[in-house]
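I opened this notebook to record what I looked up in the structure. My entries begin with the terms I needed and then turn to particular contacts.

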Amino acid sequence: MTHLHSCIADNLDRVRERIAAAAARSGRDASAVTLVAVSKYVDVDAARALLDLGCKDLGESRPQELWRKAEALVDQYVRWHFIGNLQRNKVRRTLPHLTLLHACDSLRLLDEIDRIAGETASEVKALLEVNISGDASKHGFRPAEMPSVIESLTGYKQVQVRGLMGMASLDGTIDDARREFESLRLLRDRLLNELPPEVELKELSMGMSGDFEVAIEEGATMVRVGSALFEGLEA
Ligand SMILES: *Cc1c(COP(=O)(O)O)cnc(C)c1O
């Protein structure tokens, strides 16, 4: 076993243990939380190590990097998650790789996805990004506009909205993060009352290396963890 492989194996074990413990604290099974390993910091060999270790959900935040890795790993089973903000001119090349698009932040983007996916009659599973931190620099829909956004989703034929995604403020404390994650869960619960039949909001994608445990305690079904998986790996 190479250093790379054993280092990632140790980190992955620790992250999985922490996920299981946080899930247990929130009265859920660890299997209710999907670990999306964010491979954006590392190269294909490290991504391959993750796959070998049974971690099949990989996340990328830049389209070119997703395309490159997906091509290099075409011999592997991977569920690719796109966690960045996708520009409309990158939709066409990105869609064929995707298992889940985490950060849809405008109806114009969703329109374009629906149109392009319609050409091949393919389904696209997506999450809506909500700006839960209130940071002006952050992407995402404002919580107050979500009811009308949800209403607009009824027209889509290919896009299937499965849940919400949020990020805690970068300069906040862990308690701030918890409040922000809780607010996303409460928003989701409120939206459930007015949901059109074709929309599901089962998934909550929230939590990164610094805050995934509180995210799970607040109901995350997906955590996006990068740096904690690659500690000790010097580039
Ligand atoms: C990079 C990134 C992550 C992972 O961040 P870490 O703190 O390294 O775990 C999660 N979500 C998004 C949207 C990212 O861009």
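I took a polar contact to be a pair of N or O atoms within 3.5 Å; within protein, one must be able to donate a hydrogen and the other to accept it, and residues adjacent in sequence count only if both atoms are side-chain atoms. I noted that this is a predicted model, in which local features need pLDDT of at least 70, side-chain atom pairs count only at pLDDT 80 or more, and totals for chains, interfaces and linings use all residues. Residues are numbered from 1 along each chain as its sequence is written, and side-chain values use heavy atoms, with hydrogens and water left out.

Entry on Q160. I found that its side chain makes polar contacts with the side chain of E123 at 3.3 Å and with the side chain of R162 at 2.6 Å.

Entry on the ligand. I listed the residues around the ligand (a heavy atom within 4 Å); among them are V38, Y41, M165, S209 and V225. Which classes make up this shell? I recorded 7 nonpolar, 3 polar and 2 charged residues, where Ala, Val, Leu, Ile, Met, Phe, Trp, Tyr, Cys and Pro count as nonpolar, Asp, Glu, Lys and Arg as charged, and the others, Gly among them, as polar.

Entry on ligand oxygen atoms. I read 2.7 Å from a ligand oxygen to a polar side-chain atom of K40. A polar backbone atom of G226 also lies 2.7 Å from an oxygen of the ligand. For S227, a side-chain N or O atom is 2.5 Å from a ligand oxygen.
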